[in-house]
Amino acid sequence: MPKIKATVSENVNKYVAEYPRVFQTDGYVLFCKICNKIVSSEKKYQVDQHLRTLKHRELYERRTLIAASTEAGFNEFSMDLCEAFISADIPLSKLSNPQLSTFLRTYTNEHIPQESTELKTYIDQIYIRLLNEMKNTLKHHFLWVSIDETTDIQGRYVANVVVGILHENEDIRNKKFLLNVVELDKINYATISRAFNDSITLLGEDFDKNKVLLFLTNSASYMAKAARGLKIFYPKLLHVTCLALSIHRLAEEISSYFNQLNLLISSGGKLFLKAPSRVQVFNAKFPGIPLPLEPITTRWGTWLDSVKYYAQNFEEFAAVVAELDDSDSKSIKNIKELLSLPSIKSQLFFVHNNYGFLCEVIKKLEGSNSLRDAVDLVDTSIKRIYDVKGTIGQEIMKKSNLIFQKNKGFLEIRTLARILEFNESCSKTKYNLNELSAFKYAPLTFFDVERSFSSYENYLGPNGESFVFENFKKNFFVYANKAINK
Ligand SMILES: [Zn+2]
């Protein structure tokens, strides 16, 4: 029936005429050149829907920016090459290696950028492109923001501002964006507030500040003070101290009561470091048991992990140490003395049985994206801590109360969790229904860029060191945004 055919082709041609850079057609089907796929075009809303998908918009934005920079004289190959190098954490200066550049030029027949000014221009372009993509992705959503600080090798204070989307779709909410890297002349509430605000400003003049719902930080008092000030400009902002960090602080408090245990944990792992003959004794005697490890200070809860190790392998560890020669080193003699104390065993079992579960709680909190789960985890932990009898148990309970009462935002989060379960009326909160739904997927642990990939120090080290901050920042921005979503 030719009439219908004419309608179909009329229809698709209309879309191609309207969006010549997006669609093409053979007269029957509508093809999106951006996404490389056929789009249903029977109804107008289907086409509109496709144009609105996140994937399409991201790709479109990328194309537009690439087209713009190509027109401005940038070579797409060079830009992709620079981006790949940065992503792989290879210094761009390697491009000036004669053998590498000759190899690349020979086999690609493309121009290889080598001059530092040219490379800098490419970094600038990549940075602008990524930031624009980020802006377009973030501006339509409710957001969480987290700030962590670190010092680089030159002793500069650096704040990393990470943003994420509060969204029911798992792929969308799992993605993190390092929005900004800010150099601070000192760390206090004023510099943190400014870093927060300057970063959100990057999302554009028209960005709705009511969309920033959650601010996750460490427990420093200047963070709470910064948050109080920011609430004037961000009326919906709820400040929460990272829950995993709170539990970690509690574990630190617990460790402060057990000096002998601390001694065992700090020296037990070292005993086997760079000591192959001792490792051999251990492995020959207990092939199935791993060696004791030194607690890693950058990972939370590792002290409790060590307690668990010694609680589970106490006799075996003691048996190995008994075979080692006292005259070999003073630390062997010290550990033998430590192991012979009756109190060490009771300390070990007290901590492991009453508080050992906290290291699991930290891991679960770090992996959680559900408000309900996180609140449940913390509330169950508080209850278990409450149940521990004895003087030390009481002291640790007091500390736990203090930590969680100070976290005012968490108290409000608890209310939100109850409202979401219909156990509390909506009148108890200033948030509307859309905002409440967004909170359902709120992460309650702050995102520490430094801990999220191991090469941060390398990055700030030999390669990072030679950069002036603005250059370092753009380079690191490109690298980190790939690395944190690996
Ligand atoms: Zn498309």
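Visitor: So is D326 buried, partly exposed or exposed?
Guide: D326 counts as partly exposed, at 35% relative accessibility. Buried means under 20% relative accessible area, exposed over 50%, and partly exposed in between, with a 1.4 Å probe and protein chains only. Keep in mind that this is a predicted model, where local features need pLDDT of at least 70, side-chain atom pairs count only at pLDDT 80 or more, and totals for chains, interfaces and linings use all residues. Residues are numbered from 1 along each chain as its sequence is written, and side-chain values use heavy atoms, leaving out hydrogens and water.

Visitor: Which residue does D326 form a salt bridge with?
Guide: K336, with the closest N and O atoms 2.5 Å apart. A salt bridge here is a side-chain nitrogen of Lys or Arg within 4 Å of a carboxyl oxygen of Asp or Glu. K336 is partly exposed too, at 24%.

Visitor: How many salt bridges does the structure hold?
Guide: There are 20. One of them joins E83 and K482, whose closest N and O atoms are 2.6 Å apart. E83 lies in helix α4 and K482 in helix α24, so this pair ties together parts 399 residues apart in sequence. Helices are DSSP runs (H or I, at least four residues), numbered from the N terminus.

Visitor: And is E83 buried or exposed?
Guide: Buried, with a relative accessible area of 6%. K482 is partly exposed at 31%.

Visitor: New topic: which residues of α11 are buried?
Guide: L261, L264, I265, S267, G268 and G269. The helix covers residues 259-270 and has twelve residues.

Key:
Helix = DSSP H or I, 4+ residues; strand = E, 2+ residues; numbered from the N terminus. Expected span 1.5 Å × (residues − 1).
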